Amino acid sequence: LLDAAGLSTNPISQEALNEMPARCSGATFDPPQKRTANYVATCFIMAFANSDPERYEKEIQILADYLAAGQRSTGGWDYSSQPGADEMGDTSQTQYAMLGLWEASMAGATVDLSVFDRTARWHAARQAGDGGFAYRPGDTTNNYHRTTHSMTAAGVGSLCICRMFLYPSNKGGSPISEETSAEKKQREAARNSFAVLEVSVVVQV
């Protein structure tokens with residue numbers, strides 16, 4: 001909405017932007033609701049980055065750190081209050097985390113490459129036999145384990161973001177395409193440590 005004509009200076013938009021930084025005034029993000037925190041954090045990042053990324057540099061980094069810290073040990077994200085979340089993972093939550101971290105990086109925030117490596121591993125290990133992705137892989141409740149077009153789009157999109165960071169193009173479009181030689185060595189060392197291979201996703205429609 002901030003990109004739409006006039007909305008960036010709209011009083012309602014400005015009022016919201018003026019209130020949002022208070023949620024990032026401490027050492028970490030204080031979400032209005034814990035269960036939907038990943039969604040909200042990403043929306044905050046997008047709002048800050050598309051309004052005034054320099055002004056909100058601190059807030060964007062706090063939000064990026066919050067998202068990165070919420071990554072499960074398996075590589076995905078889940079609802080904060082979800083029982084057994086560390087083992088399950090949620091394709092929708094993971095997609096939002098990837099979108100938020102991508103936007104934050106484009107705005108100048110620092111995100112460890114291992115976050116993208118673990119996400120790529122999580123998706124690669126949970127891609128279904130038909131090439132698609134499910135809402136909650138392994139969860140048979142309400143057929144959450146079955147692939148859908150929307151979750152396949154989410155999974156493929158997240159993998160594309162991971163690939164962009166782990167294997168950036170020199171033709172632009174990546175926040176690390178203009179990296180220095182020292183930064184390149186650091187990135188390659190990190191990538192070698194986690195050793196994610198190129199990911200190709202084939203979806204049967």
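## Overall layout

The protein chain has 7 helices and 2 strands. Read from the N terminus, the order of its elements is α-α-α-α-α-β-β-α-α. Please keep in mind as you look around that this is a predicted model.

Of the 205 residues in the protein chain, buried ones make up 41%. The accessible surface of the chain comes to about 10900 Å², and carbon and sulfur atoms account for 51% of that surface. Now take the contacts in the chain between residues at least 6 apart in sequence: 63% of them join residues at least 24 apart.

## Aromatic rings

Let us turn to the rings. A pair of aromatic rings is described by the distance of the centres and the angle of the planes. The structure holds 8 aromatic pairs. One of them is formed by Y39 and Y79, with 6.3 Å from centre to centre and 70° between the planes, an edge-to-face arrangement. This pair links distant parts of the chain: Y39 belongs to helix α2 (residues 37-51), while Y79 sits in the loop between α3 (57-69) and α4 (91-106), 40 residues apart. Both Y39 and Y79 are buried. Y144 counts as partly exposed because its relative accessible area is 29%, which falls between the cut-offs of 20% and 50%.

Elsewhere, a single aromatic cluster is formed by F29, F44, F48, Y56 and Y66.

Is D90 buried or exposed? D90 is buried, because its relative accessible area is 0%, and buried means under 20%.

What does D90 touch, once residues up to four places away in sequence are not counted? The residues are W77, D78, Y79, W122, Y135 and R136.

D117 lies in helix α5 (residues 113-126). With 1% relative accessibility, D117 counts as buried. Its side chain makes a polar contact of 2.8 Å with the side chain of R121. D117 and C162 are 45 residues apart in sequence, yet their C-alpha atoms are 6.9 Å apart in space.

D139 is found in the loop between β1 (133-134) and β2 (147-148). The relative accessible area of D139 is 12%, so this residue is buried. The side chains of D139 and T141 are joined by a polar contact of 2.9 Å. Leaving aside neighbours within four places in sequence, D139 is in contact with M88, Y144 and H145. Y144 is the partly exposed tyrosine described above.

## Cysteines

How many disulfides does the structure hold? The count is 0. As for individual cysteines, C24 is buried, at 1% relative accessibility. C43, by contrast, is partly exposed, with a relative accessible area of 42%.

Notes. Residues numbered from 1 in each chain as written. Predicted model: local features only at pLDDT ≥ 70, side-chain atom pairs only at ≥ 80, totals over all residues. Heavy atoms only, no water. Phe/Tyr/Trp six-rings, centres within 6.5 Å; stacked < 30°, edge-to-face > 60°. Helix = DSSP H or I, 4+ residues; strand = E, 2+ residues; numbered from the N terminus. Buried < 20%, exposed > 50% of the residue type's maximum accessible area, 1.4 Å probe, protein only. Contact = heavy atoms within 4.5 Å. Polar contact = N/O pair within 3.5 Å; in protein donor to acceptor, adjacent residues only side chain to side chain. Disulfide = S-S within 2.5 Å. Areas by Shrake-Rupley, 256 points an atom, 1.4 Å probe, with all protein chains shown as cover.
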